[in-house]
Amino acid sequence: MVTTNKTMRMQTRILLLLSICFHMAVFAWPDLAVSGFAADEDLGAMWGTAKEEEKYYKLVQIPIPDHVPLKVGSFDVLPDGRLVAGTRKGDVYFIDGAFDEVPNPKFHLFASGQDEIFGVAHKDGDIVITQFAEVTRISDTDKDGVADRYTTLSNSWGYEEGHEFAFGSKHDPEGNIWVALGLSGSYNSNQLFRGWCLKITPDGKTIPICSGLRSPAGVGPNHEGVMFCVESQGPWNGSCSLKHLKPGGFLGHPASYNWYPFVKSMDAPSVKPNPNSRIAIEKKRVKELVPPAILFPYIKMGRSISGFRLNQTKGKFGPFENQIFLGDYTLSVILRATTEEVNGVWQGACYPFREGLSTGIMHVEFSPKGQLLAGGFTTNSQWPVRGKEPFAVDRLDWTGLTPFEMKEINIRKDGFVINFTKPVNPVVAAKLSTYNLTTYTHIYAGFYGSPEVDHTTPKVTKAEVSDDRLSVRIYVDKIMEGHIHDFDLAKMKSEENGDLLHKKAYYTVNEIPKSDAGEK
Amino acid sequence: MRTLFWGFVLCVQAPFIQTLAAQERNAIENAMFPAIESSQLSETLKGRVLVEEQNCVACHSTASVSLQTDSKKSPRLSGIGKRANPYYIERFIRSPHDVKPGTSMPNIMSHLDDNESVSAANEITHFLFSLSESPFELNVPDSVAAEKGRGLFHTVGCVACHSPRDDSGKELLATTSTPLGELKDKYNVKSLTEFLANPHQVRPSGRMPSLNLPRRDYERIAHYLLRETKVPGHLKYTMLKGRVWEGLEVNVEREKAGHVDDFDLAKLGRLQQNSAIIYEGFLNSKLPGTAKFFLEMNGGELWINEKKVVNLEPSSRRGVKKASGETELVAGWNKLKFIYIHAGKEPKLSFEMSGPIGKRSAVPSSILSISTEPIEPFIPYKIDSDKVEDGKRQFVNLGCVNCHDDVKNKISNELQLGIKKRASISKLSVSVVDGSNGCLSDQVGQWPQFALSASQKTLIKDAIPKLESSELGHQQIVNKSLITFNCLACHDRKELGGVPVDRNQFFVGNRTELGNEGRIPPPLTLVGAKLQKSWISEVMLRGQRQREYLATKMPQFGEANVGHLVDMFEKVDSIEPVAFEKIEDLEKVKQAGNMLIGTTGFSCIACHDFNGQKAAGPGALELIHTTSRVKKDWFYEFMLKPNRFRKGTIMPSSWPGGHVFMEDVLGGDAKKQIESLWVYLEDGQRAKNPIGLSRKSPELRVTDEAVICRGRGTAGYRGLAVGYPERVSIAFDTQEVNLRLLWKGEFTTVDNGRFFARGRDRVSFPQGIPFHRLKSLDDNWPYKRKTDYTFPQDQGYRFGGYTLDQLKRPTFFYEYGEVKVSDFFEDRLDDQKNAFFKRTMTFDVPESQEEFYFRAASGSIVNKTAEALYKIDRLVLSYKIENDAGKKTADRGVIRQGEPNELLIPLKLQKGKTILTLEYKW
């Protein structure tokens, strides 16, 4: 009896499942009587690439004074070059000097007393924050450096439960803030617009965008200005994903169907998704269903993806311009993603980028110097995080050396183009055996998460190396719609016979192009 | 948690103590006054303390008034029947020095033969125990509480005077400690707890202080000291809580222990889920044979004679399950251990057996015992009225009543005549002249025998003539008092003594970075020059303390006993006075102090707590009370050279050797800089927050400006709390745009998006919107119900945010249809300096509005006490309505009866602005 009995282990596992990826749950998990998954929880294997990554992207820890509880929920950068951080404690700090080579920053408390902040954006001299209960514009009207006006732009959504998180974007070109609202727990939408994305206009109008979210985190645009948000694994979500916030769309979790009667401009989808199905099947039945653009295979590519930002540093951060960088809370890693639109549907690939960060990452931000900041925190108990600092801000500085990486994968009607950051060894790259490709998908259902199912192993039939040796066009016998295409290029060599820094990439195929119009 | 930690420290150090004790151990033969022996007091004063502690003046007359008032009164005996075991008392009266070695109680029967002394002690006991009605009985000790008590006993200060004990209970410093005797023979848990909580009721002279602990802690200490008490019983039980399904060793907390008759769960009260009970005892079987056990439970294990007989894994997924097992019983006692685990739904236990003891049935208590050896039950003392009368006579004749004079009134006038006779035995000054007989001689006679050593007797003999001839000076009074109350057991005082080496290790604290200052109470050297008199009296007489991180509590000795020290310290301690120049620009100096204390200056707040907010560093003494605690001269000298008053302090000097680091502050004048800190700190809790103050603490403190926090908790989910500088607070619900709570005192704690009001004197306001057009006075006042998804926007409400004034006080903005409202709470003081709120609600409408009500308050009793003045339970609310031209509207307030009753103020808004002003006093 002294050893953990089977029933209890089962129970622990179920609880684990219940909580997996729903990392937000930790912040307000109600008295968990049975929390068998605390400190020694297996977080999955490390990629083992941290040491090599450090050569290309150096990790710098930003010092935080003892008196500042900087549990970052969101970042922004002011036009004057100061870093802005919104925190769990409800404070907004302006930080001077965070981007210096050897940082010794000064912290200025601009605003305080707000609820947990998971969205910060500057506009016209003001700071707009997204907190649990509202979107708030914070102004310093007497210009003494400290906020004195807090204007509620919108609180037009229900908030009656501790898990009902709200994450906000930066301003879109029209000045709107996009807010993604988590469900009441994982399964239900008990209050108005839980599970929806809303758009808050500069004058405080609230416009519902789409339904079907579960426990969204970061919200922001891709390189074409199209808005996306991060979604967490859980019911109706086999793994974490990046979802396209398509106006009028239904993004997968049907609990939030009940708010369509409150939206004049939208009708509820005429059918609900069938349980125990596949996204690729259900999207044909539920025409509003927008499949996740990028699926992040669980543990291999994060467990609780949080905030993300688009890299438009004009090369200051290396060869990954216009790509998306995402933080992961549980694994303390940074991931990379690329998106493309095929047949009107967004999809793309994700790639490992950097591991070994100091804490649970909640948000990332690019500095004007092209550094990537990553901040966040851990919780005291209950939720395992690989980074051990209770809170921290890390900075990744590109050293100027280019790693040999799969830069981007694009789909073609009968295969893929794999772009590299450096020229490949043409002999190795022309070998079909260099390309190990498997595919799988998830069960689309109301239970928690999903194993990987329906595995296939497409055959690579041809590999054409481009003249500049920076890309390879591969042809495969069958592309699987609705599947993650798992690329293992361990055997690939660069021109200098170097290995890939990261050998894996994962492309989510929602659509297969009808022609190769995109072929260069 | 803290207790546990300290307990751990203790365990680690125990071996060291043992070796010390081994060297020192020898039998205690004399009355123990360890404080006298270890002190550096003059011989005369030592003699004086002995005279006082033995209460010589109870029998001997003296010209010295102070000797009479300072002498220790003996324990009060009128309540002894409730508190003490009569058998112990009887033994103790007869031979006190054998029963409690080291006691100051004299043997008053040395001149009687054995038979006489036995019957005298018996009669006196009958008399004493006839004085109270409720008889003494033994309590079962709780081993779980005892374990906690052990930690407390060794950390909160008990072992500063009494001996620490090892695991087996052996006293480690017996020869240098105030003796306790065999407490388990004397007290029960209830009476010892009561004594510890109120020691001065029994021992009015305060030598045994009160420690101001929660009652639960006194109980724990009592359980520890009495843990060897033997009481017969059927089964021992220990109750545990936590992750019991994983085993009982880790992640499980022991809750309580005791005796229980059988396996009937109901006898242990309500059982919480995820708890376990360990039953231990012996099962008596007349015959040997196979016994079969039938259990029904969620989970558990049964062991008979160290063999596992039944084992059922617990599960939270089901209710109870049946399990059975069999084993051979021997004739006689069979050892039984049963672990019952309640991880499932309802707690349920059925425990039956069949076999040599009979047919299948529940196990009767008659065959269960906690011990294989018989334990004698406590037999109440039967009072014999004849003996009571004899006892009274003995009590007078043997002189007991001279010291234990509280029971004098229980004795007849006739008998009392004998007291007077005895009291005139001799003058104190005469008593020492003849050494051939009397208390100080080695002769046996009709006088009390004190267990005084030869040297103690010499001290007394030498001292008495001097004591009679002159009263003590201030310094002598201070020195004597510090010994009498054993202050030096915890505090150092120069040239007098301090914490003894062998006890040093028992002083612990929870801020290890502070070193010795984080565990040993502060020195008393120059304390009268250091502390304000008012603060000395707060600490000594009202139990205030600043160093919460010390495990040792400041004991309370009673104002009557130590009150004189408050003045006396100031009279005997002084340092050179410091002259300060007149301050011209007070604000400028304060600002300099504010700057110096923060990270912009000397970063005092990096180590020190400030205004209730914990330092990021070691957590040294709170600074905000500095000027109400210490004197300005001393503060100046201390800042200049901390080492002067506190040797080895970790406090650095910011002006080492008078050197000034901050040359641009106040002209680089060290004296002015130090004074600026003082002037700044004089603002107390209102002092402006310094730069760099840690924001890590979950507790929000209000200082010179208002503090806001938002989140779920006290005021719904969209709550907002404001703490105002006048120490009043509001909680405002920004969803229903309405006031929810007013309170006074401390503000709130915040915790990841939640806040909870602290403080006191709460006045709450009901859920619901502030304004509404009631169709009828019978209609319900609207509030957000579970499915009112768009409420209160659907009622025309919109919260617009707030602005902050110079003191960071918010003005809320919101809309009710066309009505735009700005709403400002101002904290004010009335004539009696009581804080109240003046609330100004300004309504602005583009055109005249249909009348609506403002629900101002609700409560069980709502009365109109004057025009526009209402009393709602404890809240006094007045209001006025005027437009922007100053035209007032008469009071038309409606008291609506209901559950609860409500005060509704009708508002008929005309185009333009209307101002509703309310005053909330409570």
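## Helix packing in chain B

In this predicted model, helix 8 (residues 114-129) of chain B packs against helix 14 (residues 385-397) of chain B at an angle of about 105°, the axes being 7 Å apart. Axes are lines fitted to C-alpha atoms over the stretch in contact, with angles from 0 to 180 degrees between N-to-C directions. Helix 8 of chain B is therefore roughly perpendicular to helix 14 of chain B (65 to 115 degrees). Helices (H or I, at least four residues) and strands (E, at least two) are DSSP runs numbered from the N terminus.

Among the residues of helix 8 of chain B in this contact are Ile124(B) and Phe127(B), and those from helix 14 of chain B include Val388(B) and Phe395(B). Contact requires C-beta atoms, placed from the backbone, within 7 Å. By class, this contact has five nonpolar, four polar and four charged residues.

## Interface of chains A and B

In all, 38 residues of chain A contact 38 residues of chain B. Helix 1 (6-19) and strand 9 (149-154) of chain A each give two or more residues to the chain A side, and strand 9 of chain A supplies the largest share, four residues.

Strand 9 of chain A also pairs with strand 21 (residues 797-804) of chain B, antiparallel over three bridges; pairing requires at least two DSSP bridges. Thr151(A) has Gly801(B) as its bridge partner in strand 21 of chain B.

## Conventions

Residues are numbered from 1 along each chain as its sequence is written, and chains are lettered from A and ligands numbered from 1 in the order in which they are written. Local features need pLDDT of at least 70 and side-chain atom pairs count only at pLDDT 80 or more, whereas totals for chains, interfaces and linings use all residues.

How values were computed
Two residues are in contact if their C-beta atoms, placed from the backbone, lie within 7 Å. Angles under 35 degrees count as roughly parallel, over 145 as roughly antiparallel, 65 to 115 as roughly perpendicular and the rest as oblique. Ala, Val, Leu, Ile, Met, Phe, Trp, Tyr, Cys and Pro count as nonpolar, Asp, Glu, Lys and Arg as charged, and the others, Gly among them, as polar.
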